[in-house]
Amino acid sequence: MLLRSWLSKAQQLTPNSQSGKAVTNVFSAALKWIYTNEYRGGCHDTSAAIYILLSECGLAPVLCIGEVKYAPYYFDHSWIEVGNKIYDAAVCMPNTSGVPSAPVFASIDLETGDRTELIYGLASPNGYDEEAKMVSLMTLGEYSLFHSDDPNKVWNLTKILGKEAGMKVNVAKIREKYSHVRRLERHDAGHDAVL
């Protein structure tokens, strides 16, 4: 099974440290949920939830937004960076028109085991689409309210993924603590995370 292979490779890449285990635990929980629920085009949601969970583990993740180049294609995307490495579970379930890729763990493609061929933070000639423009300007609190079907979507998803990772999440507390957070725009494909 593809998911099992990806999770196994992520485990093999995990440093033998408390922080390494925390990253793997949260990433694996998110990847399982994304894959099992076929949560397509949810990178902005899932990256926000992963960011919050890793922060709650005492890590210093960076919540990023930018464009990603894959072969001749560009797409708007959100991902996480920890210690100058890219962590991207959502890339395996793009929008229906998107090009799927294997998840990226510590800048490694979990299918090939090699450095990812995705180029994160490379600006396209066309720039962001309208949704990505809006998301790039919003705090997490504003972004969560942007979901008219569930104005607590980011917070509720964080609780769901936290439960998958064996973490207790209090929605009111994380909303208060992380509502002000903004994504870091990446337009610098040469930054350390992709080298």
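**Entry 1: α3 and α6**

I looked up how helix α3 (residues 43-56) meets helix α6 (residues 153-164) in this predicted model. Their axes come within 9 Å and cross at roughly 60°. I therefore logged the two helices as oblique to each other. I also noted the hand: α3 passes α6 in a right-handed crossing.

Next I listed the contact residues. From α3 I have D45, T46, A48, A49, I52 and L53. From α6 I have K153, V154, W155, L157, T158, L161 and G162. I sorted the residues of this contact by class: eight are nonpolar, three polar and two charged.

**Entry 2: the largest pocket**

I turned to the pockets. The largest has a volume of about 530 Å³. I found 25 residues lining it, and F75, D76, N95, G98 and D129 are the closest to its centre.

Which elements give two or more residues to this lining? I noted α3, β2 (73-82) and α4 (130-137). The largest share comes from β2, with five residues. By class, I recorded 11 nonpolar, 10 polar and four charged residues in the lining.

**Entry 3: the second largest pocket**

I then checked the second largest pocket. Its volume is about 260 Å³. I recorded 17 lining residues. Nearest the centre of this pocket lie Y70, S101, A102, D109 and E111. I classed the lining too: nine residues are nonpolar, three polar and five charged.

Notes:
Residues are numbered from 1 along each chain as its sequence is written. This is a predicted model: local features need pLDDT of at least 70, side-chain atom pairs count only at pLDDT 80 or more; totals for chains, interfaces and linings use all residues. Side-chain values use heavy atoms; hydrogens and water are left out. Axes are lines fitted to C-alpha atoms, for helices over the stretch in contact, and angles run from 0 to 180 degrees between N-to-C directions. Helices (H or I, at least four residues) and strands (E, at least two) are DSSP runs, numbered from the N terminus. Angles under 35 degrees count as roughly parallel, over 145 as roughly antiparallel, 65 to 115 as roughly perpendicular and the rest as oblique. A crossing is left-handed if the near helix is turned anticlockwise from the far one by less than a right angle, and right-handed if clockwise. Contact means heavy atoms within 4.5 Å. Ala, Val, Leu, Ile, Met, Phe, Trp, Tyr, Cys and Pro count as nonpolar, Asp, Glu, Lys and Arg as charged, and the others, Gly among them, as polar. On a 1 Å grid over the protein atoms alone, a cavity is a set of points where a 1.4 Å probe fits but cannot get out, and a pocket is an open set with protein on both sides within 12 Å along at least five of seven lines; lining residues have an atom within 4 Å of a point. Grid points are joined across faces, edges and corners, and a volume is the space filled by probe spheres set on the points.
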